[in-house]
Amino acid sequence: MVDTTELTAAVERFADRLRAAPQSRLVRGAAAEGLALARELAVRAQRLEEPGAEPRIMPDAGVFAVADQIVVAGNDLAEILRTAPPGPAAAELDEAVEAVRRAAARAAL
């Protein structure tokens with residue numbers, strides 16, 4: 001089993017920042033960064049869960065829903081990685097955590 005605490009904590013921190021951000025900040029790009037991250041995490045999860053299948057793209061549910069989309073996608077990926085074999089899962093986990101950190105930095109929250 002792989003410890004995915006770092007990923008879920010990073011996802012929750014970013015989502016909390018988005019939830020606390022004013023609408024003007026969300027519209028100026030923070031929500032777009034969040035949606036891009038949610039989509040990336042969802043695609044990563046789908047590729048692990050259904051290799052070879054065409055990933056489905058997470059829809060844009062609006063600036064006020066993006067934090068929840070990040071949490072859902074991040075937790076889905078964390079669960080898949082938690083039960084995956086440690087070798088490849090560890091590298092995927094590190095990449096996902098870094099993706100969350102980069103998105104949070106770009107969102108400037």
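**Exercise 1. A glutamate and its partner**

Classify Glu92 by its relative accessible area: buried or exposed?

Solution. Glu92 has a relative accessible area of 15%. Buried means under 20%, exposed over 50%, and partly exposed in between, with a 1.4 Å probe and protein chains only. Therefore Glu92 is buried. This is a predicted model: local features need pLDDT of at least 70, side-chain atom pairs count only at pLDDT 80 or more, and totals for chains, interfaces and linings use all residues. Residues are numbered from 1 along each chain as its sequence is written, and side-chain values use heavy atoms, with hydrogens and water left out.

Glu92 sits in helix α4. Helices (H or I, at least four residues) and strands (E, at least two) are DSSP runs, numbered from the N terminus.

Now list the neighbours. Contact means heavy atoms within 4.5 Å. Not counting residues up to four places away in sequence, Glu92 touches Arg44, Leu48 and Leu81.

Then turn to Arg44, in helix α2. Arg44 counts as buried because its relative accessibility is 16%. The side chains of Arg44 and Glu92 are joined by a polar contact of 2.7 Å. A polar contact is a pair of N or O atoms within 3.5 Å; within protein, one must be able to donate a hydrogen and the other to accept it, and residues adjacent in sequence count only if both atoms are side-chain atoms. Beyond four places in sequence, Arg44 is in contact with Leu77, Glu92, Glu95 and Ala96.

**Exercise 2. Two helix pairs**

Describe how α2 packs on α4, then how α1 packs on α3.

Solution. Two packed helices are described by the angle between their axes and the distance between the axes. Axes are lines fitted to C-alpha atoms, for helices over the stretch in contact, and angles run from 0 to 180 degrees between N-to-C directions.

Take α2 and α4. Their axes are 9 Å apart and the packing angle is about 170 degrees. Therefore α2 is roughly antiparallel to α4. Angles under 35 degrees count as roughly parallel, over 145 as roughly antiparallel, 65 to 115 as roughly perpendicular and the rest as oblique.

Name the residues. From α2 come Arg25, Ala30, Glu33, Leu37, Glu40, Leu41, Arg44 and Leu48; they meet Glu92, Glu95, Ala96, Ala99, Val100, Ala103, Arg106 and Ala107 of α4. By class, this contact has nine nonpolar, no polar and seven charged residues. Ala, Val, Leu, Ile, Met, Phe, Trp, Tyr, Cys and Pro count as nonpolar, Asp, Glu, Lys and Arg as charged, and the others, Gly among them, as polar.

Take α1 and α3. Their axes come within 9 Å and cross at roughly 175 degrees. That is why α1 is roughly antiparallel to α3. Residues of α1 in the contact include Leu7, Val11, Phe14 and Leu18, and those of α3 include Val66, Ile70, Leu77 and Leu81. The class tally for α1 with α3 is twelve nonpolar, three polar and three charged residues.

**Exercise 3. The nonpolar core**

Which members of the largest nonpolar core touch the most other members?

Solution. A nonpolar core is a set of buried Ala, Val, Leu, Ile, Met, Phe, Trp, Tyr and Cys residues joined through side-chain atoms within 4.5 Å. The largest one has 36 residues; Leu7, Phe14, Leu18, Leu37, Leu41 and Val100 touch the most other members. At least two core residues come from each of α1 (5–20), α2 (23–49), α3 (66–82) and α4 (86–107).

Zoom in on Leu37. With residues up to four places away set aside, Leu37 touches Phe14, Ile70, Ala99, Val100 and Ala103. In soluble globular proteins, nonpolar side chains tend to be buried together.
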